[in-house]
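Morning, everyone. Please have the viewer open.

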Amino acid sequence: MFILAFTFKILTICGCGLLDSWVTPFKRLVYHMYTIFVLLLIHTFMLSQLVDLIMVVDNSDEFTDNFYVLLAMVVSCCKMLALLMNRSNIEMLIETLTSKPFQPVEPDEVKIRQKFEKLIQSNTLHYTILVETTCLSVAVTSLLTEFGKGNLTFRAWLPFDYSSPLLFPFVYAHQLISFTIGSVHHVACDSLICGFLVHICCQIEILEHRLRKSANNPNILRECVLQHNHIFKFARIVNEKFRVTIFIQFIVSTLVMCFNLYQFTKSTALRTKYMQLLMYTCSMLSQIFFYCWYGNEVKLKSRQLMNNVFEMEWFKFNEDAQKALLMIVRRAAVPIEFTSACVISMNLDSFVGILKTSYSAYNILQQTQGS
């Protein structure tokens, strides 16, 4: 059974797919060119917004109109670079999940993996629908309100006059396409990282199943100890390779929530954009909620393993088997915990903290605007 199949389809669409799927040199060359095209597309859009922020913006309303979208595009660029730089690591992690001791060896274990794979696919599908519906609402709102007036969807600085009838449609399309492709990178990266977190939970559940079997065959315990050690090693690698990306996402989500709240308070010229702002806010909250929820699930599940071991009839095992169980218990006493850049833990408390920080920053912004 292939791991994270739907997620890898999204990775391929956004130019960050694994190269092993492109077997011929010609196909690889074409895909490399496509990757470069996507890279240029989202980076030129991000730079046009950044230059506008530096050179043109001169009041708080213009700043907020630019900044909340610019932040999302900056994270999108960072996520694309992180995915491209970690292609070999992603391949290694997938190979780890499809080989011993992680590979299911009996029907019950296969059912456990299928259950978690369905969960990943369902989460990815619903998350994709939410994010791309947000992009669609932005596009439709812009077409109905801005296109006819000759205005771009987003603020941007360009080194040429784009108001001519020939250039304007291309620049307008470039913004919408770049914004949509950027959103796909968010979906791909978030789904991949959260997918790995779900598979860690899956492996812990498979380990618990094997431990229950060990009551009839204590020799299995040695393999269980090795599997438990591999789970910790797998989690550490995932955290090390993506902790900077997760940290940037935490910071940006806090800022975006703050500026979105400020946008909601503006009573003029934005009433037609309330729906797209609401959906945009929901998408940003979903991004960070998935990280915090499944980071929290990994921590709880890895800690619960210790209680499950004590519920076994361990006193019937021989001395060597009891020592093996003791190794698992002592290791499980310190649960697996994901952090962003060794600063913020990925759990539900952090999610609540982000909401509180966003509201506090919004209050400061309001006070500054009022004065």
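At 16% relative accessibility, glutamate 205 counts as buried; buried means under 20% relative accessible area, exposed over 50%, and partly exposed in between, with a 1.4 Å probe and protein chains only.

Some ground rules. This is a predicted model, where local features need pLDDT of at least 70 and side-chain atom pairs count only at pLDDT 80 or more, while totals for chains, interfaces and linings use all residues. Residues are numbered from 1 along each chain as its sequence is written, and side-chain values use heavy atoms, with hydrogens and water left out.

Now the core. A nonpolar core here is a set of buried Ala, Val, Leu, Ile, Met, Phe, Trp, Tyr and Cys residues joined through side-chain atoms within 4.5 Å. The largest one has 98 residues. Which residues have the most contacts inside it? They are Ile90, Phe179, Leu192, Phe196, Ile200, Leu211 and Phe338. Helix α6, residues 168–213, gives the largest share of this core, 19 residues. Helices are DSSP runs of H or I, at least four residues; strands are runs of E, at least two; both are numbered from the N terminus.

Take leucine 211. Leaving out residues up to four places away in sequence, leucine 211 touches Leu221, Cys224, Leu305, Val309, Met312, Leu325 and Ile328. Contact means heavy atoms within 4.5 Å.

Next, charges. A salt bridge is a side-chain nitrogen of Lys or Arg within 4 Å of a carboxyl oxygen of Asp or Glu. By this rule there are seven.

Start with lysine 79 and aspartate 190, whose side chains meet at 2.7 Å, N to O. Lysine 79 sits in helix α3 (residues 60–85) and aspartate 190 in α6, so the bridge ties together parts 111 residues apart in sequence. Buried or exposed, these two? Both are buried.

Back to glutamate 205. Its side chain forms a salt bridge with that of lysine 115, at 2.6 Å, N to O. Lysine 115 is in helix α5 (residues 107–145) and glutamate 205 in α6, 90 residues apart. Lysine 115 is partly exposed, at 44% relative accessible area.

One more pair. Lysine 299 and glutamate 337 meet at 3.5 Å, N to O. Lysine 299 lies in helix α8 (residues 274–310), and glutamate 337 in the loop between α9 (319–332) and β1 (339–340), so this pair ties together parts 38 residues apart in sequence. Lysine 299 counts as buried, at 19%; glutamate 337 is partly exposed, at 33%. Salt bridges with shared partners also join Lys115, Glu205 and Lys301 into one network.

Last, helix packing. Axes are lines fitted to C-alpha atoms, for helices over the stretch in contact, and angles run from 0 to 180 degrees between N-to-C directions. The axes of α4 (residues 87–97) and α6 come within 12 Å and cross at roughly 25°. That makes α4 roughly parallel to α6, a label for angles under 35 degrees. From α4, the contact uses Ile90, Leu93, Ile94 and Leu97; from α6, Leu192, Phe196, His199 and Gln203.

How do α5 and α6 run, roughly parallel or roughly antiparallel? Their axes come within 9 Å and cross at roughly 160°. They are therefore roughly antiparallel, the label for angles over 145 degrees.

How values were computed
Parallel < 35°, antiparallel > 145°, perpendicular 65-115°, else oblique.
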